[in-house]
Every structure is written in C-alpha cells, then in structure tokens.
Amino acid sequence: MRRGLIDRKGEPFGYLLGNELFTLDGEKSGRLQDGYIVDLAGRRVWRVVGDGIYAIDDLETIGYISSPAPPDY
C-alpha cells in the first residue's frame, strides 16, 4: 500500500510503501517506526500522530500522510 507524504502547501515530497519511506525519485530514505519517521541510520526525524507529520521538538506541522493510493498509481 502506497501513501504519499504531503507538505503544508499540498505538494508531495515522498511516499510510504508499507513502512518504508522513499523520495519521489524512488530512493529509500527511511521508515515509519514506533510513531516516528526515522532516517536510514535510525535517527528520529519527524513525529507522526494519526496522519499528521510534526517536528520532534515542537508542534510545527511538516505535513500529512495521504490516504492509500491504488497499487498502479
């Protein structure tokens, strides 16, 4: 199941395929783990609450995770 990462302006900037995070170019860049987006080294980058993506240290909204896209999208 593919879900887009959308910024505050409504622009896509990545996607999740299962729990794996990819850039729009298809390069693996991290994963969703225990309520956080972590980079390839396992460092927490953003906090995830529901479908919202937030900065770790404050309530700044980074964006959100979209609804699942069809498999051929």
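Select Asp 51 to begin: in this predicted model, Asp 51 is partly exposed, with a relative accessible area of 41%. Its place is the loop between β6 (44–49) and β7 (52–55).

Asp 51 and Arg 3 form a salt bridge, and 2.8 Å separates their closest N and O atoms. Arg 3 belongs to strand β1 (residues 2–7), while Asp 51 sits in a loop, so this pair ties together parts that are 48 residues apart in sequence. Color Arg 3 by accessibility and you will find a relative accessible area of 21%. Why does that count as partly exposed rather than buried? Because buried means under 20% relative accessible area, Arg 3 at 21% is partly exposed.

**Along the strands**

Stay with β1 and bring in strand β8 (residues 61–69). These two strands pair in the antiparallel sense, over 5 bridges.

Ile 53 stands opposite Gly 63 in β8. How many residues lie between β7 and β8 in their hairpin? There are 5 residues between the two strands. While you have the strands on screen, here is a general point to keep in mind: in a regular strand, side chains alternate between the two faces of the sheet.

**Back to the charged pairs**

The structure holds 3 salt bridges, and you have already visited the one between Asp 51 and Arg 3. Next, select Glu 20 and Lys 28. They form another salt bridge, with the closest N and O atoms 2.7 Å apart. Glu 20 is partly exposed at a relative accessible area of 27%, and Lys 28 is partly exposed as well, at 44%.

For the last stop, select Arg 43 and Asp 39. This salt bridge has its closest N and O atoms 3.1 Å apart.

Notes. Residues are numbered from 1 along each chain as its sequence is written. This is a predicted model: local features need pLDDT of at least 70, side-chain atom pairs count only at pLDDT 80 or more; totals for chains, interfaces and linings use all residues. Side-chain values use heavy atoms; hydrogens and water are left out. A salt bridge is a side-chain nitrogen of Lys or Arg within 4 Å of a carboxyl oxygen of Asp or Glu. Helices (H or I, at least four residues) and strands (E, at least two) are DSSP runs, numbered from the N terminus. Buried means under 20% relative accessible area, exposed over 50%, partly exposed in between (1.4 Å probe, protein chains only). Two strands pair if DSSP finds at least two bridges between them.
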